[in-house]
Amino acid sequence: MNVEFQYFMNDVVNAAREEMSEAGYDHLRSVEDVDKTLTQEGTTLVMVNSVCGCAGGIARPAAAYMRNYETKPDRFATVFAGQDREATDHARSYFKGFGPSSPSFALVKDGEIKMMVERHEIEGHEPIEVVQKLEKAFDDHC
């Protein structure tokens, strides 16, 4: 991999991280961060971030919007697929019944997966469609 490409990717990753920080999501960058967050009592929305176009154009805008929804989970968190690999793999161990998918959203309550919005439900869809799925999940589980 050449140096220019690596600098470009670092910029893309940093911008995607910053977008989630600005939206109020906590970054889970280690196995310990994941366990500390997902084993807490209550609900946590986990956005599995990535650098693909559907993450930037659909998933991250939907994630930011959900911070303003009337009914909310107790916590908003994010792991970054392809970047924080151990944390992402460990978070996925909580998403029983679902394969690896990024970007994606998981709603975890008291350590158990309650719903998942997978990449195939994000890619090629409008952000509002993702928002509506998350709103229903928040209404049902939060």
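**Close-ups of charged side chains**

**View 1. A patch of negative charge on the surface brings together Glu41, Asp74, Asp110 and Glu112.** This is a predicted model, where local features need pLDDT of at least 70, side-chain atom pairs count only at pLDDT 80 or more, and totals for chains, interfaces and linings use all residues. Residues are numbered from 1 along each chain as its sequence is written, and side-chain values use heavy atoms, with hydrogens and water left out. Patch members have over 30% relative accessible area and no salt bridge, with like charges joined within 9 Å; Asp and Glu count as negative. Glu41 sits in the loop between helix H2 (31-38) and strand S2 (43-49). With a relative accessible area of 71%, Glu41 is exposed (over 50%; buried is under 20%, partly exposed in between, 1.4 Å probe, protein chains only).

**View 2. Asp84 and Arg17 meet in a salt bridge at 2.9 Å, N to O.** The term means a side-chain nitrogen of Lys or Arg within 4 Å of a carboxyl oxygen of Asp or Glu.

**View 3. Glu121 pairs with Lys133 in a salt bridge (3.1 Å, N to O).** Glu121 lies in the loop between strand S5 (112-117) and helix H5 (127-141) and Lys133 in helix H5, so the bridge ties together parts 12 residues apart in sequence. Helices (H or I, at least four residues) and strands (E, at least two) are DSSP runs. Glu121 counts as buried because its relative accessibility is 16%, while Lys133, at 32%, is partly exposed.

Definitions and conventions:
Patch = residues over 30% accessible without salt bridge, like charges linked within 9 Å, V, L, I, M, F, W, Y side chains within 5 Å. Areas by Shrake-Rupley, 256 points an atom, 1.4 Å probe, with all protein chains shown as cover. Charge placed at Lys NZ, Arg CZ, Asp CG, Glu CD.
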